[in-house]
Amino acid sequence: YQGYWESQAFGDLGAFAKNRKEVLQDIIPKLNIADKCSFEDKFLIVNGKLRTYKIHIGSGNILMQPNDQYLCIVPSGTNAANKVYLPFKDDTMLSIILSKAFLLANDTDITDQTIVSQIRR
């Protein structure tokens with residue numbers, strides 16, 4: 001099952017994800033984390049102070065450099081997207097990717113011990 005999981009978690013981008021990438025390429029330069037972000041193939045690259053992170057634009061899954069170690073970040077049960085106007089409300093994955101990018105761009109400020117322990121491994 002490992003091969004199947006990897007193809008789903010980090011495989012090629014489908015049409016919807018390709019559209020998401022275009023939206024991200026338009027949004028990211030306007031954000032205060034723009035200088036920490038870039039794009040590489042199917043990933044949004046986020047340069048934190050502790051690590052560099054590759055967020056898959058299709059699945060929202062994260063790999064950490066230097067060895068592509070998987071980073072598990074599960075969205076909280078609250079839906080913050082309902083509290084803020086987002087022009088892409090029908091694409092929850094876009095919201096998840098953006099929230100992960102903001103979190104990881106400031107990785108030294110993360111206090112959740114489950115996430116911190118993975119990053120500092």
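1. P66 sits in the loop that links β4 (62-64) to β5 (69-71). Strands here are DSSP E runs of at least two residues and helices are H or I runs of at least four, numbered from the N terminus. This is a predicted model, where local features need pLDDT of at least 70, side-chain atom pairs count only at pLDDT 80 or more, and totals for chains, interfaces and linings use all residues. Residues are numbered from 1 along each chain as its sequence is written, and side-chain values use heavy atoms, with hydrogens and water left out.

2. Check the peptide bond between Q65 and P66: it is cis, with omega about 15°.

3. The loop between β4 and β5 also holds D68. Its phi is positive, near 55°, and D68 is not a glycine. D68 is partly exposed at 36% relative accessibility (buried is under 20% relative accessible area, exposed over 50%, partly exposed in between, with a 1.4 Å probe and protein chains only).

4. D41 is another non-glycine with positive phi, about 55°. You'll find D41 in the loop between β1 (37-40) and β2 (43-47). D41 is exposed, with a relative accessible area of 57%.

5. Now for α3 (residues 92-105): its 14 residues should span 20 Å at 1.5 Å a residue, and the end C-alpha atoms are 20 Å apart, so the two agree. The expected span is 1.5 Å times one less than the number of residues.

6. Buried residues of α3 include M93, L94, I97, L98 and L104. The buried residues of this helix pack against α2 (15-27), β2, β3 (52-56), β4, β5 and α4 (113-119), with contact meaning heavy atoms within 4.5 Å.
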